[in-house]
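Please look over the sequence and the structure shown here before reading on. The briefing that comes after them is organised by topic.

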Amino acid sequence: MQDQYRTVARAGVHETEVNRSRFLCALAPAATEQEAQDFIATVRKEHADASHNCWAYVIGADASVQKASDDGEPGGTAGVPMLQMLLRRDMRYVVAVVTRYFGGVKLGAGGLIRAYGGAVGEALDTLGTRTRRRFRLATVTVDHQRAGKLENDLRTGGREVRDVRYGEAVTIDIALPDADVDAFRAWLADATAGTAGFEPGGEAYGDA
């Protein structure tokens, strides 16, 4: 698995104009290919009267899924430059749809490539990006007497507390950078006088 990846900070739309043609770039995070396709369908429906709704998406921290469409523009002048811009910016789990309303002036192949790729680049600059890092999920088990202070120490220390469950003992689900696991074990033993249990689990991505 990749240690980290970048994605768009939030969904949104950025508009540019090139020689009287309007280019609206809609960007959104997409966890799966289905989510990306659903977003494309929503934008197509919203802009059904547009000249073109070209799109590109990259799914997977390792960019394992890459797809693009020119939606009627000359081959290679829309979807591919959009996809290339996403990859150049190291974007993952993201979908972009550029809607074009033709303004009466033909742009030529070079002009289209610059316009579509540029629309995505400007939208990324406007909406911002965020880095997601790979974390090790883990479960800490502690007695009720120590649970409140431990949970507080975890939160004030910047640890990601994902869930707290109360039973015979208190179970706290956390996420740690892989490199911190050994140091965390030592800190936990010290903080609870060796009474807390620590069980490492799978992996997930979270905000860096």
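Predicted model: local features only at pLDDT ≥ 70, side-chain atom pairs only at ≥ 80, totals over all residues.

**Strand E4 and its setting**
- Eight of the eight residues of E4 are buried, so the strand is largely enclosed by the rest of the structure.
- In a regular strand the side chains alternate between the two faces of the sheet.
- In E4, His 52, Cys 54, Ala 56 and Val 58 point one way, while Asn 53, Trp 55, Tyr 57 and Ile 59 point the other way, and residues of both sets are buried.

**Pairing of E4**
- E4 and E6 run antiparallel and are joined by seven bridges, and within this pairing Tyr 57 has Val 95 of E6 as its bridge partner.
- E4 also pairs with E5, again in the antiparallel sense, over five bridges, with Ile 59 standing opposite Val 65 in E5.

**Helix H2**
- H2 covers residues 79-88, and its buried residues are Gly 79, Pro 81, Met 82, Leu 83, Met 85 and Leu 86.
- An α-helix has 3.6 residues a turn, so residues three or four places apart point the same way.
- Just after H2, Asp 90 takes a positive phi of about 60°.

**His 14 in strand E2**
- His 14 belongs to strand E2, which spans residues 12-18, and with a relative accessible area of 18% His 14 is buried, because the cut-off for that class is under 20%.
- The side chains of His 14 and Thr 126 are joined by a polar contact of 3.4 Å.
- Once neighbours within four places in sequence are left aside, His 14 is in contact with Phe 23, Leu 24, Cys 25, Glu 122, Ala 123 and Thr 126.

**Val 43 in helix H1**
- Val 43 has its place in helix H1, residues 33-46, and counts as buried at 5% relative accessibility.
- Leaving aside neighbours within four places in sequence, Val 43 is in contact with Ala 26, Asn 53, Val 97 and Thr 99.
- Val 43 and Ala 96 are 53 residues apart along the chain, and their C-alpha atoms are separated by 10.0 Å.

Key: Residues numbered from 1 in each chain as written. Heavy atoms only, no water. Buried < 20%, exposed > 50% of the residue type's maximum accessible area, 1.4 Å probe, protein only. Helix = DSSP H or I, 4+ residues; strand = E, 2+ residues; numbered from the N terminus. Pairing = 2+ DSSP bridges. Polar contact = N/O pair within 3.5 Å; in protein donor to acceptor, adjacent residues only side chain to side chain. Contact = heavy atoms within 4.5 Å.
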